[in-house]
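Please view the sequence and structure below before reading on.

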Amino acid sequence: MINKQPVGAHYGWKDWMLQRVTAVVMVAFTIVILGFFMLHGSVSHAEWQQLFQNQLVRILALLFFLATFYHAWIGVRDVLMDYIKPLWVRLSLQVLVCLFLIVCSIWTVSILWGN
Amino acid sequence: MPGLVSIFHRITGVAMFLFLIPLTLIILQTTLQSEAGFAVWQGYFNNLLVKLILMGFVWAFMHHLFAGIRYLLLDLHIGVNKEPAQASAKVVLIAGLVATVIVAVRVW
């Protein structure tokens, strides 16, 4: 028997947890980036490009963006659930948000590894 | 105050989803692609209007970040009573503005 309860304790706790985990990832990355710019001041194009030639920087940047996109998905989905009541409108918007974030993920990979 | 922090958290979150995510990717793409693209954005950033809009996003980001930290602490049952919750809401609002001013000073 499949018992999928739409409400009740534990339903959605993984999203709740992931919202916090992705937030911590973003805060860590923000401190590094902000620190880099606060210390470094203005950056030349060559330095900027060189920074993203580093494989570790690319991977960390990708991690940051994926965390951001997942975080945005959970957040926007919750906002839509609170304010958009007609089910088909809500569902359509959620699908659009989801597709947009998937496109952003692919786009990010192409930016980081495509140059 | 906690209500204000909460609604700002939502508004800034949705605004960053709609505008800051695509904007960040576009900037990252064009600045990495070529020196000309890099110079174009450098020119935009020297524009006063662009700087002001950018500071708006910096505030949105900072407010969202500090409000988020407050929620993480509330999750850990830190400061859940009425008085500390109101005080921390005030701290979040001020911290967001102060952080924005610091970045603005660094940018100008």
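## Helix packing and chain contact

In α1(B), the residues B:Val5, B:Phe8, B:His9, B:Thr12, B:Gly13, B:Ala15, B:Met16 and B:Leu20 meet B:Phe57, B:Ala60, B:Phe61, B:His63, B:His64, B:Ala67 and B:Arg70 of α3(B). Contact requires C-beta atoms, placed from the backbone, to lie within 7 Å; helices are DSSP runs (H or I, at least four residues), numbered from the N terminus. The model is predicted: local features need pLDDT of at least 70 and side-chain atom pairs pLDDT 80 or more, while totals for chains, interfaces and linings use all residues. Residues are numbered from 1 along each chain as its sequence is written, and chains are lettered from A in the order in which they are written.

Helix α1 (residues 2-33) and helix α3 (residues 48-75) of chain B pack at about 130 degrees, with axes 9 Å apart.

B:Leu20 lies 9.6 Å from B:Leu54, C-alpha to C-alpha, at a sequence separation of 34 residues.

Between the chains, 18 residues of chain A contact 17 residues of chain B. The largest share of the chain A side, five residues, comes from α3(A).

The table gives the elements of chain A that supply two or more residues to this side.

| Element | Residues |
|---|---|
| α1(A) | 13-40 |
| α2(A) | 45-51 |
| α3(A) | 55-83 |
| α4(A) | 87-114 |

Technical notes:
Contact = placed C-beta atoms within 7 Å. Axes fitted to C-alpha atoms, helices over the stretch in contact; angles between N-to-C directions.
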